[in-house]
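Dear colleague,

I am handing over the structure below. My notes on what was found in it follow.

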Amino acid sequence: MPSKHSNTVIMVEGALCVALSVVLSYFDLFRMPQGGTIDFELVPLIILTYRRGFKWGFFTGFLIGIVKIVLGGYILNPIQAALDYPLAFMCVGLVDIHPKIIGIIVAAVGQISCSIVSGAIFFAEYAPVGENPWVYSFFYNAPVLGTKYLISWIVALILWKALERELPVR
């Protein structure tokens, strides 16, 4: 009889995580005018990463990014697409560094960094005339993604407490 922790079970959890993340991304709490939202799409990936570790968090984050591209991601070139989608979502796997505040900060900094680089290089024309695109990109992306991570982390922790009583961990 296969173990409850077999790769097949984890892959099914990952597929459900991808689907749920994509569905949750359509319910915005707040939308920025030039892209970026505050929503709950990170919650399933945070929980999966806590349950299965950073390897599965990275892989599932990569898949979420690819699915978001396929479903209509905004793409200017392959590097920008990689920064804004697969690499950004792979950063969520970093929450496993430490399941408390340190992990979520490292994950948020990783994803915010991807967005800042993408914004400064590929979306510099949106910066006001005379403003440094790197500074503009930081102040455009950091507050939105920081808030998104904080809200998602709090919701994930609340759900995690309920789930850990019912579901085995790793």
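Please keep in mind that the model is predicted. The buried residues of helix 2 are Leu42, Val43, Pro44, Leu45, Ile46, Ile47, Leu48, Thr49, Tyr50, Arg51 and Arg52. Just after helix 2 comes Gly53, with a positive phi of about 95°.

On the helix 1 side, the contact is made by Val9, Ile10, Glu13, Gly14, Cys17, Leu20, Ser21 and Leu24. Helix 2 meets them with Pro44, Leu45, Leu48, Arg51 and Arg52. Sorted by class, this contact of helix 1 with helix 2 has eight nonpolar, two polar and three charged residues.

**Elsewhere in the model**

Ile79 lies in helix 4 (residues 78-84). Ile79 is exposed, as its relative accessible area is 57%. The C-alpha atoms of Ile79 and Phe122 are separated by 9.3 Å, and the two residues are 43 residues apart along the chain.

As for aromatic rings, a search of the whole structure finds seven aromatic pairs. Tyr74, Phe123 and Tyr126 form one aromatic cluster.

Regards

Definitions and conventions:
Residues are numbered from 1 along each chain as its sequence is written. This is a predicted model: local features need pLDDT of at least 70, side-chain atom pairs count only at pLDDT 80 or more; totals for chains, interfaces and linings use all residues. Side-chain values use heavy atoms; hydrogens and water are left out. Contact means heavy atoms within 4.5 Å. Helices (H or I, at least four residues) and strands (E, at least two) are DSSP runs, numbered from the N terminus. Ala, Val, Leu, Ile, Met, Phe, Trp, Tyr, Cys and Pro count as nonpolar, Asp, Glu, Lys and Arg as charged, and the others, Gly among them, as polar. Rings of Phe, Tyr and Trp (its six-membered ring) pair if their centres lie within 6.5 Å; planes under 30 degrees apart count as stacked, over 60 as edge-to-face and the rest as tilted. Buried means under 20% relative accessible area, exposed over 50%, partly exposed in between (1.4 Å probe, protein chains only).
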